[in-house]
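Please look over the sequence and the model below.

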Amino acid sequence: MAIEAELKAIVRDPEGVLKQLEDRHGVGRVEVYRDTYYDAPDGSLMGADRELRIRTVHSSDDTRTVLTYKGARVDEASGSKPEAETRVEDAEAAHEIVRGLGFTPRIAFEKRCRNYSFQRDGRSLLATLVRVPELDDATFIEVETVAATEADLVSALTLVRMVLAELGISEIDLTNELYTDAVAAARPA
């Protein structure tokens, strides 16, 4: 399974980072992600640092749904995980299948994203500016690429760090806190 080599950071100057991304990569794709994370009834999936997610992505000209499984982190510092993802034709059917297999929805939330796809050093990269309304509309940036193996992860993350640094994102702004954890903590008990 390929590894999503990704770093996430808090953005202290959202307008400045947006301008840099648009100057370098053109106008980003504006999309709203509606994510539902599922877990086993005993919490064993998330308890083992694994994720099962159904994401429906809405843009001005398209709606698509993606089923994603992420294995446990292979790199603690970045939080990078092996990932398998596929597009599904029918979102409701996907939810029914996952529930039918015994998984239960644990948390659902919305992310407002602006995506920039580009090539660098022979790799496809995706930079995403993210706002999660439940997190006081703080702005995050995610930069990701794919590492074919754990051995390839170091060079993939080096490139991701370089892209972030060029955007003025420093190492102290990096976070590996999951959105699921942050949103759960922000919700009343």
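Contact, as used here, means heavy atoms within 4.5 Å. Helices (H or I, at least four residues) and strands (E, at least two) are DSSP runs, numbered from the N terminus. A residue is buried if its relative accessible area is under 20%, exposed if over 50%, and partly exposed in between (1.4 Å probe, protein chains only). This is a predicted model, in which local features need pLDDT of at least 70 and side-chain atom pairs count only at pLDDT 80 or more, while totals for chains, interfaces and linings use all residues. Residues are numbered from 1 along each chain as its sequence is written, and side-chain values use heavy atoms, with hydrogens and water left out.

**Helix H5 and its cover**

Helix H5 spans residues 179-186, and in it Tyr179, Thr180, Ala182 and Val183 are buried. Viewed down the axis of H5, these buried residues fall within an arc of 165 degrees, so they line one face of the helix. The arc is taken from the directions between the helix axis and the C-beta atoms. The cover over the buried residues of H5 includes strands E1 (3-10), E2 (29-39), E6, E7 (123-131) and E8 (139-147).

**Pairing around E6**

Two strands pair if DSSP finds at least two bridges between them. E6 pairs with E2 in the antiparallel sense over eleven bridges, and Thr36 stands opposite Ala108 in E6. E6 also pairs with E7, again antiparallel, over nine bridges; here Arg114 is opposite Leu129 in E7. The hairpin of E6 and E7 has two residues between the strands, and Asp121 takes a positive phi near 50 degrees in it.

**Buried residues in the strands**

| Residue | Strand | Relative accessibility |
|---|---|---|
| Cys113 | E6 (residues 104-120) | 4% |
| Asp39 | E2 | 3% |
| Glu51 | E3 (residues 51-59) | 9% |
| Leu125 | E7 | 3% |

Cys113 counts as buried because its relative accessibility is 4%. Beyond the residues up to four places away in sequence, Cys113 touches Arg29, Val30, Glu31, Tyr33, Thr128, Leu129 and Val130.

The C-alpha atoms of Leu125 and Thr65 are separated by 21 Å, and the two residues are 60 apart along the chain.

A polar atom of the Asp39 side chain lies 3.1 Å from the backbone nitrogen of Met46. Apart from neighbours within four places in sequence, Asp39 is in contact with Ser44, Leu45, Met46, Phe103, Thr104 and Arg106.

The side chain of Glu51 is joined to that of Lys81 by a polar contact of 2.7 Å. With residues up to four places away in sequence not counted, Glu51 touches Tyr37, Leu45, Thr68, Tyr69, Lys70, Lys81 and Leu178.

Key:
Polar contact = N/O pair within 3.5 Å; in protein donor to acceptor, adjacent residues only side chain to side chain.
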